[in-house]
There are 2 protein chains.
Amino acid sequence: MSEPSSVELDRIRDRIDEVDQELLTLLRRRLNLVGEVGAIKHKQGLPIYAPAREAAMLMKRRSEAQAMGVPPQLIEDLLRRMMRESYASENDVGFKCINPDVGPVVIVGGNGKLGSLFSQLFRLSGYEVRILDKNDWDRADELLSDAGVVVVTVPINHTAEVIEQLPRLPKECVLLDLTSIKQAPLAAMLANHAGPVVGLHPMFGPDVSSLAKQVVVVCHGRFEEKYQWLLEQIRIWGARLHEASAAEHDQAMQLVQAMRHFTAFVYGSHLRRERADLDQLLQFSSPIYRLELAMVGRLFAQDAKLYGDIIFSQPDTLARARHYMDRYQEALSLLEAGDQEGFEALFDDIADWFGDFATQFRNESGNMLLSANDNRSETG
Amino acid sequence: MSEPSSVELDRIRDRIDEVDQELLTLLRRRLNLVGEVGAIKHKQGLPIYAPAREAAMLMKRRSEAQAMGVPPQLIEDLLRRMMRESYASENDVGFKCINPDVGPVVIVGGNGKLGSLFSQLFRLSGYEVRILDKNDWDRADELLSDAGVVVVTVPINHTAEVIEQLPRLPKECVLLDLTSIKQAPLAAMLANHAGPVVGLHPMFGPDVSSLAKQVVVVCHGRFEEKYQWLLEQIRIWGARLHEASAAEHDQAMQLVQAMRHFTAFVYGSHLRRERADLDQLLQFSSPIYRLELAMVGRLFAQDAKLYGDIIFSQPDTLARARHYMDRYQEALSLLEAGDQEGFEALFDDIADWFGDFATQFRNESGNMLLSANDNRSETG
């Protein structure tokens, strides 16, 4: 499309460019200052994510914005984006070591993506890190003999077996796993090690640039007091800890993670069989339509085995998947009968059950859709 | 959690606050300049979204950022967020009227959300707008006698019936609808009006603050040349037009819109029957987990009738819904047989079919998840 211009318009656009260049200078200064904060936090062992400071700062800027006629949500969104960068850059200076006297940290499966991330974080915090990967088992005794912490991060289906394979660990050694289910690995760890045991589930992908604001679920195993330092270390990395029983955790994972993956998988299969023209579908892209497609398609950019493990690793998933099918059948019957009234009555019942959460979910997704629209370009 | 502080830390934080206050001043200046741009665009009748100017500007700022050691993606994300505000503020000054000589614009269903949005846009562009809502039918002849444009925006299931109910329109009057299906309404309009006819589908919710970057699908009906001015007017509001046949459009809507709504509906029904504890599920919130829940829950904050209409309005949806069930059954059989290998093989076949789109979807959703994480607070 042509974009007619004029001297007047160009003059103002030049002034906007000047403002944007000043913005760059400000960003550079801010990144420098944030680097200094990181250095001090490192020295003092403070967590990189400071929720109270963050909330107070945002509130203050919002009210200053209001007074200046700047939309408060605008400054909040900009600052939140800038803080993401700050958290990532605070990674570079390293983290305080909470327990410098502990023995080496051995990462079993340390060459996997999540294993590499945790290796890096432990190293950045001054711990000695050793990797025990698939091909290192003949050296397992040697690598583990003086271990202070053993982190098991292997595919779900091998977790129990790998834990059983471990040689006897030093009595004080903390044994933990990072698997996305918790009951079975925790039971295996408790059966195979008499010392401190804890199950962790980092609720994020291994490609995050920082642990700031990310959640780590903690399922206590044995001798909590012996691994408090480790939880504190994870807090310093920026994460928020959420304690839960392994049973609660696994049930929640099944309802959302396993079943959402399973139904997204079926949706992908459906699109293929219906010979959907993906390119054409994207031409019609409204932000939400695009997001719906992305939530299905993203699955298939990842590892079949990862999803196979998540879906097949828990026997209960089958029962859940059958229940879902009953619900599908019920909705389909309404459609077959042309019973729109019945559909809408069921819809309202479900809406009642969701209660205020429905509104909360709509608002949350609404913000995301606005930001998705910001990121569009003519071609995208 | 306590947040220990120190004199040194406080001193640097004060300096960060100063930077952020300077940022506010810059934003105020930028908004003023953008207001001036809006006024000129209004005067000259230029579209508020200028893709080429936007792309060139972002490229320039990115390379300046690089030279200064500021992450290019940071400045791009900030500028995109600032531009959202600019687009919204350009709404305030109004839009150039492309066809000042046309007769009144009559919005049938003008008190609905989408009707209100379009009424506002037409008024901001200097057109005379009349509303013909449910209770105004006794005045229909009078309201429509000299209409230049008639916009039908009523619930899907009433669209055809409302079109048939319209009195004879002036020969030159442009008749259009905004329904989210296109074949049936377009056929009804062509049968009931001998003049110019066009079907539009605005691919966004009625709560957008601006049409900038939003897509409007255009399905041509009759006498294209007579409503070119109207398409140009919609471009000036900031939207991008995408032309398609009504059949292509409807098929795409069914594959994504109707079936995604249908399966999300079933998922909501499933969560209720499994007695999911939503509050607890949110405690485990990883960004993606939360988004998965939000995409289901958001449905139930909306109108049962709206979704009932979308799902029940097209006879083909039933066949699609049965096909989906076949795919579900196929995946369930693999789960019943414990055939993880078969599941992974099918997964890989589907991944092949998605091809490069899978990666594209993963990247897109990845950016959204980063921004969702930015917006977290301790409580959220």
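This is a predicted model: local features need pLDDT of at least 70, side-chain atom pairs count only at pLDDT 80 or more; totals for chains, interfaces and linings use all residues.
Let me begin with helix α12 of chain A, which is mostly covered, since 7 of its 9 residues are buried, where buried means under 20% relative accessible area, exposed means over 50%, and partly exposed lies in between, with a 1.4 Å probe and protein chains only. Helices here are DSSP runs of H or I with at least four residues, strands are runs of E with at least two, and both are numbered from the N terminus.

Residues are numbered from 1 along each chain as its sequence is written, chains are lettered from A and ligands numbered from 1 in the order in which they are written, and side-chain values use heavy atoms, with hydrogens and water left out.

Returning to α12(A), the buried residues are A304(A), Y307(A), G308(A), D309(A), I310(A), I311(A) and F312(A). They pack against α6 (156-165), α9 and α13 (316-336) of chain A, and also against α13 (316-336) and α14 of chain B; a contact, throughout this talk, means heavy atoms within 4.5 Å.

The partners are K305(A) and D309(A), at 3.0 Å from N to O, and they sit 4 residues apart in α12 (residues 304-312), about one turn of the helix.

Over all chains, a search of the whole structure finds 50 salt bridges, and I will pick out a few others. D146(A) pairs with R130(A), with the closest N and O atoms 2.8 Å apart. This pair links distant parts of the chain, for D146(A) lies in the loop between α5 (140-144) and β3 (149-152), and R130(A) lies in strand β2 (residues 129-132), 16 residues apart. With a relative accessible area of 38%, D146(A) is partly exposed, while R130(A), at 18%, counts as buried.

Which chains does the next pair join? E292(B) forms a salt bridge with R260(A), and the closest N and O atoms are 2.7 Å apart. E292(B) is in helix α11 (residues 287-297) of chain B and R260(A) is in helix α9 (residues 246-273) of chain A, so this pair joins two chains. Both E292(B) and R260(A) are buried. Finally on this topic, E54(A), R62(A), E76(A), R80(A) and K213(A) are linked in a network of salt bridges.

Let me now turn to chain B. I40(B) has its place in helix α1 (residues 7-44), and it is buried because its relative accessible area is 4%. Leaving aside neighbours within four places in sequence, I40(B) is in contact with S6(A), E8(A), L9(A) and I12(A). The C-alpha atoms of I40(B) and V93(B), which are 53 residues apart along the chain, are separated by 9.7 Å.

N99(B), in the loop between α3 (72-90) and β1 (105-108) of chain B, is buried as well, with a relative accessible area of 19%. With neighbours within four places in sequence again left aside, N99(B) is in contact with Y127(B) and W229(B).

Among the contacts in chain A with a separation of 6 or more, 66% come from residues 24 or more positions apart.

Conventions
A salt bridge is a side-chain nitrogen of Lys or Arg within 4 Å of a carboxyl oxygen of Asp or Glu.
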